Amino acid sequence: MDTIHFEKEYSMLRAYISKMLSLVSQSFENAIEALEFFDVSLAKDVINSDDEIDLLNRQIEEKVYDIIARYNPIGKDLRYIITMIKFSNNLERIADLSCNSAEKVIYFEKNKIDYKMIREVKEMFGIVLKMLHDTFLAFSKKDIELSKKIWFDDKNLDDLEKLIRNKSQDLDNKESIIYNILIARDLERIGDHLTNLCEEIIYIETGKEIKEIINYGKDSNS
């Protein structure tokens, strides 16, 4: 294998993923702001930016197939290259879920819906945003411990999503009830995709599934 050229391709692929992470993070932040302030213009920006993210996802897939065909990598190199497709696919789905929130803003404005975001949904937005930023750091620094922390943080989203479903039964505004539940469900799904990303980071660096590492840690401490 031509190591020098492979390393260049490897670095380019990593740069693509970093760019995609940045675009997806910005899309999510814009979706939060659009939903919180009923900013239709910003919501449209989120939806329009999805095309660039989809294109980047396809470019990453093509780059992966090209690298495998040209360099026939093995071991950790092959594991890294293959995992990048899973990584970019999860990011693309996060962007799609951000678009769901943006589309709701446009729908609310068009149909004059008086949506009231409850505190727990705002809290979920904050948790997801922190998880996104931490995932970017974990990927950039190949940080296994941070990846594990993000993986555990997802339980907070699951708990809040269940709380919102139960709490919403006591609210008077039926439309807000429905949309708070739908938005919370999308946020919980984004959390699932972020934990998938962290699992991939851990797998790239260790060759092990996260549950193997967690169980090993428990066994070592017992």
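Colleague: Which residues form one aromatic cluster?

Modeller: In this predicted model, Phe38, Tyr107, Phe108, Tyr115 and Tyr179 form one aromatic cluster.

Colleague: How many aromatic pairs does the pairing rule give?

Modeller: The count is ten aromatic pairs.

Colleague: Why is the pair of Phe87 and Phe139 called tilted?

Modeller: The ring centres of Phe87 and Phe139 are 5.1 Å apart, and a pair needs centres within 6.5 Å. Their planes stand at 40 degrees. Stacked needs under 30 degrees and edge-to-face over 60, so the pair is tilted.

Colleague: What makes this a link between distant parts of the chain?

Modeller: Phe87 belongs to helix H3 (residues 75-111) and Phe139 to helix H4 (residues 119-141), and the two are 52 residues apart. Both Phe87 and Phe139 are buried.

Colleague: What makes the pair of Phe108 and Tyr115 stacked?

Modeller: The planes of Phe108 and Tyr115 are 20 degrees apart, with 5.1 Å from centre to centre.

Colleague: Are Phe108 and Tyr115 buried or exposed?

Modeller: Phe108 has a relative accessible area of 1%, and Tyr115 has 4%. Buried means under 20%, so Phe108 is buried, and so is Tyr115.

Colleague: Which charged end sits over the ring of Phe139, and which over the ring of Tyr203?

Modeller: Over Phe139 it is the charged end of Arg14, 4.3 Å from the ring centre. Over Tyr203 it is the charged end of Arg79, 5.6 Å from the ring centre. The distance cut-off is within 6 Å.

Conventions:
Residues are numbered from 1 along each chain as its sequence is written. This is a predicted model: local features need pLDDT of at least 70, side-chain atom pairs count only at pLDDT 80 or more; totals for chains, interfaces and linings use all residues. Side-chain values use heavy atoms; hydrogens and water are left out. Rings of Phe, Tyr and Trp (its six-membered ring) pair if their centres lie within 6.5 Å; planes under 30 degrees apart count as stacked, over 60 as edge-to-face and the rest as tilted. Helices (H or I, at least four residues) and strands (E, at least two) are DSSP runs, numbered from the N terminus. Buried means under 20% relative accessible area, exposed over 50%, partly exposed in between (1.4 Å probe, protein chains only). A charge sits over a ring if NZ of Lys or CZ of Arg is within 6 Å of the ring centre and within 35 degrees of the ring normal.
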